[in-house]
Amino acid sequence: MSVSDQEAHLRSAKFENVQATVLALRSSLNDSLGTLEPEDNINPSHVTKTVQAVVFFLSHDIVREAYLTAPQASLGRHPVNDSFLNTLHVTSDELQRYLESQEQLNHVYVVLGYFHDAFDQAQERNSRTQHRFLGPQQQAELDNALHEAIAQFEEVQKETSTEAAIRRLEQAATQAEASATAASKAAGKTADDTVSSHFQSMAANEAEAADKFRLWTMAAMGLGGIIATIYLLGPVVGLSGLEIGTGDYVHLLQRVLVVGAIFAFAAYTGRQAHNHRTQANWADSLAVQLQSFDAYCDAIADQASKDQLRTTFAARAFGEHPALRGGSSPESGDALIQKAADLVSKIIPGDKS
């Protein structure tokens, strides 16, 4: 049954309207695709190839002829029917709206998939229906037009899947690198905290030792002062046992050595108090610097300057303690006291006769 002139006219207008809509979409692609950014994750060639495949399909004379001449009773089963053209029209408008507004660009590939789905459904209808109104040559031309369009869609789909897989791999690599960097920083921060805790503990111990030596210094100086005062003022207040006769240099030397030994001990403990206090201040300062060193380095842009700063800081943190540079060690102080005690014992007799 042939199509009426009125029906043919309506179909022709509909086909031309859809064709014009798709052509307008293709014409706008240069401007809309040119504004895309890399982070939009849209390959302009995928959009162009898909739209061009639709344009090329609709440009075939056999496609137009088959739609215009298909009997009304079997039009719904025809590959190019009203539903197919409506899908192309709506999808083209939707794609153009997304690209021009630059909003919801994550929907672009979904919309491109609508074109592919529409042609797959058309191909399925084409394989099920015998179009008796078409000759063998016309049928072959329609089959080829559908196959060409679908082949183009499948090529785009493969490229899309490949690029998506590459992006996932790149994201995984970036995440792995970020995780490694974070782990490295966490390990470095843990190490810094451990070393800082060590220096804090050292500062506390050195401060405690400095306080003890300071007390010993004060006690020794007080004792020395008291003994010296007794030696000097004892004879004046009537302590005859403390008097030294004229020319009695032995007992005078004994008293000088006793008082001198006590003040020598006070000098030693004072020196040790100073050394321990210096180390306590140094360790406390390093503990604070270790906590803020990385933040300070982050503000420096030049890598060479950062490396030099780290080298200098490492030499300070892990080098010789400042209180030991050229100073007397505790062993040398102990030896001094022992020598002084030995000398006193040799000069002072066991009993005064």
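Modeller: Y98 counts as buried, because its relative accessibility is 9% (buried means under 20% relative accessible area, exposed over 50%, and partly exposed in between, with a 1.4 Å probe and protein chains only). The model is predicted, so local features need pLDDT of at least 70 and side-chain atom pairs count only at pLDDT 80 or more, while totals for chains, interfaces and linings use all residues. Residues are numbered from 1 along each chain as its sequence is written, and side-chain values use heavy atoms, with hydrogens and water left out.

Y98 belongs to helix 4, which covers residues 82-101 (helices are DSSP runs of H or I with at least four residues, strands are runs of E with at least two, and both are numbered from the N terminus). Setting aside residues up to four places away in sequence, Y98 touches E103, Q104, L105, H107, V108 and V111 (contact means heavy atoms within 4.5 Å). The C-alpha atoms of Y98 and V108 are separated by 7.0 Å, although the two residues are 10 apart along the chain.

Helix 5 takes in residues 108-128, and its 21 residues should span 30 Å at 1.5 Å a residue; the end C-alpha atoms lie 31 Å apart, which agrees (the expected span is 1.5 Å times one less than the number of residues).

Q123 also lies in helix 5. Its relative accessibility is 18%, and therefore Q123 counts as buried. Apart from neighbours within four places in sequence, Q123 is in contact with L146, H147 and I150.

As for the whole, the protein has nine helices and zero strands, and its pattern along the sequence reads α-α-α-α-α-α-α-α-α. Of its 353 residues, 33% count as buried. Among contacts with a separation of 6 or more, 79% join residues 24 or more positions apart. The accessible surface comes to about 21000 Å², and carbon and sulfur atoms hold 57% of that area (areas come from the Shrake-Rupley method with a 1.4 Å probe, and for residues only the protein chains shown count as cover).
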